[in-house]
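The stops below are given in the order in which they may be selected.

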Amino acid sequence: MESVIKEGLLRKKGELNPRYKERTFLLREGRLDYYEGATHKGTIALNPGCQVGVKNKQQCVFCVTVPKSKRTYVLRAGSYEEMKEWILAIKQVIQGGGRETHTVLPR
């Protein structure tokens with residue numbers, strides 16, 4: 001079984017439904033899985049070329065953009081510090097893919 005790099009609750013904005021829904025996220029090598037309770041709801045493939053960055057600092061909202069699927073996932077953390085931790089952990093996973101990624105953190 002693959003080890004979990006980071007685990008926690010985030011709110012995910014739906015692609016069709018613009019409301020945020022709370023999900024449990026598990027960051028593993030190469031992917032970010034999310035669950036509703038024990039039910040697997042989806043996977044965000046963290047391939048080289050993915051980008052992660054802040055969308056709204058005050059609301060603790062950040063985005064993960066996956067060029068291969070042409071999709072941007074909008075996620076909301078419980079605090080600014082938690083958001084920074086997620087961004088840095090996701091960046092490290094993406095960089096593990098062998099190519100550089102871009103992280104945008106507000107100053």
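**A charge over a ring**

Select Lysine 6 and tryptophan 86 to begin: lysine 6 lies over the face of tryptophan 86, at 5.0 Å from the ring centre. Next, select lysine 57 together with tyrosine 80. Here the charged end of lysine 57 sits over the tyrosine 80 ring, 5.4 Å from its centre.

**Confidence of the model**

Before going further, colour the chain by pLDDT, since this is a predicted model. The protein chain averages a pLDDT of 89, and 89% of the residues score at least 70. Now select residues 97-107, where pLDDT stays under 50. For this segment the model has 25 contacts beyond four places in sequence. Where pLDDT is low, predicted coordinates should not be read in detail.

Select residues 51-56, which form strand β5, and residues 61-66, which form strand β6. The two strands run antiparallel and are joined by five bridges. To follow one of the pairings, pick glutamine 51; its bridge partner in β6 is threonine 65.

Cysteine 60 has a positive phi of about 60 degrees, although it is not a glycine. Most residues other than glycine have a negative phi. Is cysteine 60 buried or exposed? Its relative accessible area is 9%, so cysteine 60 is buried.

Move to the loop between β6 and β7 and select lysine 70. Lysine 70 is likewise not a glycine, and its phi is positive, at about 55 degrees. Lysine 70 counts as exposed because its relative accessibility is 78%.

Continue to arginine 71, which is found in strand β7. Arginine 71 is buried, with a relative accessible area of 16%. Which residues is arginine 71 in contact with, leaving aside its neighbours within four places in sequence? They are Lys12, Glu15, Val64, Thr65 and Val66.

**The nonpolar core**

Now select Leu32, Leu46, Phe62, Val64 and Ile90. Of the 23 residues in the largest nonpolar core, these five touch the most other members. The elements that give two or more residues to this core are β2 (20-28), β3 (31-36), β6, β7 (71-76) and α1 (80-95). Which of the elements gives the most to this core? Display α1, which gives seven residues, the most of any.

**Leucine 32 from within**

For the last stop, centre the view on leucine 32, in strand β3. Leucine 32 counts as buried because its relative accessibility is 0%. Show the residues that leucine 32 touches, not counting those up to four places away in sequence: Phe25, Leu26, Leu27, Gly42, Thr43, Ile44, Leu46, Leu75, Trp86 and Ile90. One of these, Trp86, is the residue whose face lies under lysine 6 at the opening stop. For another, draw a distance between the C-alpha atoms of leucine 32 and leucine 46: these residues are 14 apart in sequence and 7.0 Å apart in space.

Terms used
Residues are numbered from 1 along each chain as its sequence is written. This is a predicted model: local features need pLDDT of at least 70, side-chain atom pairs count only at pLDDT 80 or more; totals for chains, interfaces and linings use all residues. Side-chain values use heavy atoms; hydrogens and water are left out. pLDDT is the predictor's confidence in each residue, from 0 to 100. Contact means heavy atoms within 4.5 Å. Two strands pair if DSSP finds at least two bridges between them. Helices (H or I, at least four residues) and strands (E, at least two) are DSSP runs, numbered from the N terminus. A charge sits over a ring if NZ of Lys or CZ of Arg is within 6 Å of the ring centre and within 35 degrees of the ring normal. A nonpolar core is a set of buried Ala, Val, Leu, Ile, Met, Phe, Trp, Tyr and Cys residues joined through side-chain atoms within 4.5 Å. Buried means under 20% relative accessible area, exposed over 50%, partly exposed in between (1.4 Å probe, protein chains only).
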